[in-house]
Amino acid sequence: MDETVAEYIRRTVLKIPRDEIKMMLQKWGFLSEAQLQTLNFHQIKDNISQEVVQLCEENAADIKQAAVLDIIYNHTYQNKRMWSVYQMRKTGEELEYFDLTDFKKKFKRRLQSALKNVTITFREYEDDAIWIRVAWGTPYRQPNQYKPSYVVYHSQTPYVFISASVLKSNLPLLCQALIVASNYHDIREMELRSHSLNSLKDIVFKRYSQNFHTYCPKPPQARAVEPGSVDLRIINENRSEKERIQRLNQEAFGDGPQPILQFAQYKLETMFKSSPEMDVLDKKEPFRCLVKFSSPHLLESLKSLAPAGMADAPLSPLLTCIPQKARNYFRIREKKGFFPESFVSP
Amino acid sequence: FPGAGVLAQLEKLEARARREAVEQEEREQREERTALLRSRARELRLRRDELRRKLREKEGLRKAGTAADPAHPTPRDVLEWRIRSLRALLQLFHLTGISGKLSKRGVCLTLSTSYEGSHLDSFHLELLARPELRIQRHSIPPFIPLEQLSRRFLPTDLRRFLALLSQHLNAYVGRRFQAEQFQERFSDWIQGTPQRNSLCNLLKFSYSLSRNSRSFPLQARLLYRDPCRSLPTEVTVCCSGEWAPL
């Protein structure tokens, strides 16, 4: 077994928390049950990883198998990475019979024809998600396994989720291979980024709970129960105001759990507006300003602003439109053209 | 001292007079209050008699068995009947698969899907009415060609748009349901995991049949060319490799 492969497997195992190592090796399926039985998972991780490498040596692992272990690790801890969403566009309107084998073949062929030294690994999951791992090299160097890019694609959808490696220069090549393999025409990056891959999927696949007005009766547990005091001596003075805020909040955010986003960024390119006497700037040029909201769960915290009394209801549509517009990076210009979008073919 | 005696006498007389005046006042007040209470008691008695009379009347009516007078239903009965029939109507609409609710600026439609008696997913579509019919927001999955359909049929032919969209959704949900049931019920026969896609319009799986102590590995490929139907249009079965003995 190659030295580099051994080292890579060792380092990958070291990343895994000790309690999860056994489960992940089982998912990997490269080591037999008997071999796994011989491992002592209670010793220090250094020793565990050494033993795993020895077993892999026995089974003559190569980089392909090691890459599969890496995909499994990154799929389990997908929220550690930052994911961006890309949207593809096609000109034709024919129905697609997406064939996975066909897709994989086309993708590999396109990439490998442009760059010989790449490691490409595929793994499919139950929710129809196709995970692709690409390790990049150069014409003269072997692929760097420690900085791969990950792509998640659901067939027959125009959306691709990419967690690019630091080497941004390979992105155009990756995008090319994706549109060729999936039969699309061009691709552009959306202004939507988050650590939570599932939340990004929820937003673009419209799986998050939107507040649609229907005649279907809501299940009784959907009604929020007033916690605590039913003491009749306590009168809620602002009951009608609280109910108004609750109603507006529900209209804006819906009932269910919000997609998990970490940031909302607003780049202002507007003119500074002040009274004529306070002419702060000599030249009338746009006041460049960047407003960034960050939170472990941004939408949930925005939802709780008005009920907590920290903001007036209804909230600004700039904040509430985030899932609907599927973006959390905005550029605010002067008069018209609030949210610019542009399709660019690579 | 004769003067002291007279003064004392006068004081005594004054005190007595005052006392008697106070008592007189109290007596008058008491009498007034009594009179007030008596009249109030009389009033209450009259009221009680009136209420008793009304109650007797009502009971009399019910006992007589003329409670539900069909010619004169009570307003409450009418309201209850209206609520019941409206609920039934809404449920009927819901069962047709396409139901809706008018909103301030348009209409919010619910497309419910089903397959062979099983109720499956519901999808929503909010349409704006002005300046022309267009989609405001929706919960349709991205692999359904919503944009295509809306471009061709909205805003002119809403009925056709909804019918086609409903067919697409029902067919997709039906195909998916069948694939899931297939995987569940025939899990012993299938080898590996069946390969399908998001729209479930291509299904590939391997299975094996055994005959005369020989097993034949087979591969099937189901293609569903019609997006509005949940049955395949092409089925290819091929036998791979050599015939391996059991």
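Modeller: In chain A, the buried residues of helix 1 pack against helix 2 (18-28), helix 4 (45-58), helix 5 (63-76) and strand 3 (129-136). Contact means heavy atoms within 4.5 Å, and helices (H or I, at least four residues) and strands (E, at least two) are DSSP runs numbered from the N terminus.

Colleague: Which residues of helix 1 of chain A are buried?

Modeller: They are A:V5, A:A6, A:Y8, A:I9, A:R10, A:T12 and A:V13. Buried is under 20% relative accessible area (1.4 Å probe, protein chains only). This is a predicted model, where local features need pLDDT of at least 70, side-chain atom pairs count only at pLDDT 80 or more, and totals for chains, interfaces and linings use all residues. Residues are numbered from 1 along each chain as its sequence is written, chains are lettered from A in the order in which they are written, and side-chain values use heavy atoms, without hydrogens and water.

Colleague: Thanks! New topic: how many residues does each chain bring to the contact?

Modeller: Chain B brings 33 residues and chain A 26 residues. The area buried between them is about 2600 Å², with 55% from carbon and sulfur atoms; that is the accessible area (1.4 Å probe) the two parts lose on being put together, summed over both.

Colleague: And which residues of chain B lose the most area to chain A?

Modeller: B:K101, B:R137 and B:P142, together 23% of what that side buries.

Colleague: Which side chains meet in a salt bridge?

Modeller: B:K204 and A:D99, at 3.2 Å, N to O. The rule asks for a side-chain nitrogen of Lys or Arg within 4 Å of a carboxyl oxygen of Asp or Glu, and it finds one salt bridge across this interface.

Key. Buried < 20%, exposed > 50% of the residue type's maximum accessible area, 1.4 Å probe, protein only.
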